[in-house]
Amino acid sequence: MLKPQLQAILELAVKAALANKGFEAVDLPEIRLDLPRNPEHGDFSTNIAMALAPGLKTAPRELAVEIVTQLESNALLESVEIAGPGFINLHLATSAFMEVIAEVLEAGMDYGRSDIGNGKHIQIEYVSANPTGPLHVGHGRGAAYGAALANIFVAAGYVVSREYYVNDAGRQMDILAISLLLRYLETFDVVIPFPANAYQGDYIVAMAQRLRANDGDKYCCSSTDLVSNDPPNADPEAMLDALISGAKSALGTADYASVHRFARDEILAGIGHDLEKFGVEFDNWFTESTLAENGGIDGAVTALAAAGHVYTNDGAKWFKSTAFGDEKDRVVVRDNGLATYFASDIAYHADKYRRGFDHLINIWGADHHGYIARVKAAIEAMDLDPSRLEILLVQFAVLFRNGEKMPMSTRSGEFVTLAELVSEVGRDAARFLYITRRSDQHLDFDLDLAKSQSNDNPVYYVQYAHARICSVMAQLTGKGYVADIPMGLASTAELTIPKEKQLAAQLSRYPDVIDSAVRNREPHQITTFLRELAADFHGYYNIKNFRIIADDKAQRNARLVLILAVKQVLVNGLGLLGVSAPEAM
RNA sequence: GCGCCCGUAGCUCAGCUGGAUAGAGUACUGCCCUCCGAAGGCAGGGGUCACAGGUUCAAAUCCUGUCGGGCGCGCCA
């Protein structure tokens with residue numbers, strides 16, 4: 001590992017320099033090695049002289065001079081210079097970088113992995129879209145992000161559990177059930193005006209046909225059973241509630257529950273199918289309804305009450321979340337005796353803590369940010385450690401079609417599904433595209449552009465680099481050569497041109513990139529890195545009058561070893577993003 | 001009104017937790033396939049990093065304010 005070596009060398013030099021200048025017992029800050037933008041500034045640069053100088057009341061350049069004199073004669077360093085206000089720029093010998101090639105090839109799929117996670121158990125909950133409709137492109141972003149994040153945590157030595165929280169309780173599910181029932185009745189020519197605020201999507205109609213195919217006319221009832229004689233100008237939401245209670249009494253509890261369950265299972269199966277097509281997997285699907293069934297919700301409310309954090313007002317039970325920093329208290333049990341969604345979420349998080357993970361990550365849509373304070377409050381109130389729960393927000397992807405913003409609402413049925421996106425631009429392109437940007441930034445997604453130019457998608461640029469390397473390897477035998485690739489530094493002595501040094505330097509950065517991506521929860525750093533690596537390779541490949549498969553054996557083998565290392569890192573990096581590395585395209 | 005996210009090239013976005021002359025893709029213009037894949041390479045134009053203060057050797061980056069955009073503020077989930 002090159003960078004730690006350099007840091008150690010520098011540290012010795014700095015200490016010696018300080019001692020020479022008569023400074024004693026100075027706390028050394030971390031010696032940072034930056035990658036200068038400008039190649040003239042060396043392979044690495046450090047600002048350590050500038051960082052130390054003010055505290056010592058000395059001139060940065062003067063201190064830098066002393067440090068540099070202590071650095072003389074090191075095999076890794078070709079030259080060292082002082083620049084600007086006191087930067088120390090290190091120019092490394094080309095051979096210093098070439099060691100990484102053997103590292104990559106020996107580690108193979110493990111190159112870039114680390115054990116900084118130290119086997120800690122971490123749970124990542126993501127997607128968790130309500131089972132009221134198919135996943136749309138907005139959900140896709142959370143899915144791609146969560147899956148990539150899970151992968152990089154695994155690569156960093158964590159044990160990861162991926163979880164999907166199924167919100168299969170509450171009013172929205174009743175609205176789904178009633179939407180299904182109405183469409184089902186329509187197939188029997190029982191026509192009840194379909195409420196505008198019920199689920200409009202065509203998938204409900206299709207589901208109704210399957211319900212009829214399965215259960216025949218079992219749930220048939222007349223319109224008068226469902227619709228009361230309320231004045232037509234009643235509040236639309238109240239009308240929905242009337243329909244729901246009408247359906248419950250018309251069908252009876254058991255049959256209503258069957259319709260309800262049918263709707264849920266159909267939607268969940270569809271979601272599972274879409275995620276599978278998207279290459280996104282989960283270790284656990286946790287259903288909200290189990291919390292009500294096993295008494296988890298009652299238990300959570302009772303526990304909060306026992307600790308003195310619940311009071312009654314207007315017939316409802318309130319959690320005193322303001323005592324823990326929330327801006328207002330929150331209802332946990334309504335005056336009608338039903339628990340709120342928040343109550344089951346408290347129970348859900350209590351359950352998560354009980355399962356003993358070292359760390360919990362929730363990936364939420366940004367529209368839930370107002371919810372963070374109350375959940376954290378509840379966790380504190382339960383005497384659990386809120387710092388173990390981390391909530392990451394994924395901003396919405398705003399979809400444009402024909403230059404116009406597309407609405408994205410499950411209720412209205414107006415959305416572009418994830419399945420459509422995958423079938424139109426492909427899984428690899430979709431996965432890559434979502435991860436090219438920071439997830440906590442708004443994303444404008446022009447669908448027409450994504451489709452019409454899918455060949456220009458950056459993912460192909462990276463995949464093409466991989467395919468090209470495979471192609472070069474395939475040419476070997478055709479040219480009568482054998483791929484007898486020697487390992488070790490000796491074989492890379494022929495690698496002397498700048499592009500080769502640049503490629504090796506980029507390869508050596510990869511572990512740092514993963515480390516940073518994990519620490520910052522930013523898988524897009526890997527995407528950026530892969531594009532740079534691919535660019536370096538394409539540039540190398542296209543050098544005028546240059547062939548990787550050279551006539552000279554030593555030269556040829558050295559170059560092959562280098563590109564094989566590039567190939568390995570491309571495979572490893574794309575794998576973390578959930579993108580394939582095709583051998584031909 | 002309060003809270004969260006944000007404002008960087010025509011467009012879409014990076015910018016490594018404060019570094020040197022702010023980058024990439026795309027679009028536009030011109031080159032490069034008699035030899036490893038042109039889904040590629042090379043070159044060019046394009047910027048008051050929203051604005052105004054502040055912190056310091058150094059600010060796109062940190063702090064404050066203003067303007068502009070998105071989202072959230074239910075006994076919905």
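How are α5 and α16 oriented to each other? In this predicted model, the two helices pack at an angle of about 85°, with their axes 9 Å apart. Angles of 65 to 115 degrees count as roughly perpendicular, and α5 and α16 are therefore roughly perpendicular to each other. On the α5 side, Gly140, Arg141, Ala144, Tyr145 and Ala148 take part, meeting Ala430, Arg431, Tyr434 and Ile435 of α16. The residues of this contact divide into six nonpolar, one polar and two charged.

Let's turn to α10, which spans residues 253-277. Its 25 residues reach 36 Å from the first C-alpha to the last, close to the 36 Å expected at 1.5 Å a residue. Buried residues of α10 include Tyr256, His260, Phe262, Arg264 and Asp274. The helix is followed by glycine 279, with a positive phi near 75°. Here are the helices that the buried residues of α10 pack against:

| Partner of α10 | Residues |
|---|---|
| α5 | 137-155 |
| α6 | 171-186 |
| α7 | 202-215 |
| α9 | 236-251 |
| α15 | 418-425 |

Now for the RNA. Around RNA strand B there are 70 residues, of which Ser45, Gly170, Asp314, Gly370 and Ser471 come nearest.

Notes:
Residues are numbered from 1 along each chain as its sequence is written. Chains are lettered from A and ligands numbered from 1 in the order in which they are written. This is a predicted model: local features need pLDDT of at least 70, side-chain atom pairs count only at pLDDT 80 or more; totals for chains, interfaces and linings use all residues. Helices (H or I, at least four residues) and strands (E, at least two) are DSSP runs, numbered from the N terminus. The expected span of a helix is 1.5 Å times one less than its number of residues. A residue is buried if 20 or more other C-beta atoms lie within 10 Å of its own, exposed if 12 or fewer, and partly exposed in between; C-beta atoms are placed from the backbone. Two residues are in contact if their C-beta atoms, placed from the backbone, lie within 7 Å. A residue is near a molecule or strand if its C-beta atom, placed from the backbone, lies within 6 Å of it. Axes are lines fitted to C-alpha atoms, for helices over the stretch in contact, and angles run from 0 to 180 degrees between N-to-C directions. Angles under 35 degrees count as roughly parallel, over 145 as roughly antiparallel, 65 to 115 as roughly perpendicular and the rest as oblique. Ala, Val, Leu, Ile, Met, Phe, Trp, Tyr, Cys and Pro count as nonpolar, Asp, Glu, Lys and Arg as charged, and the others, Gly among them, as polar.
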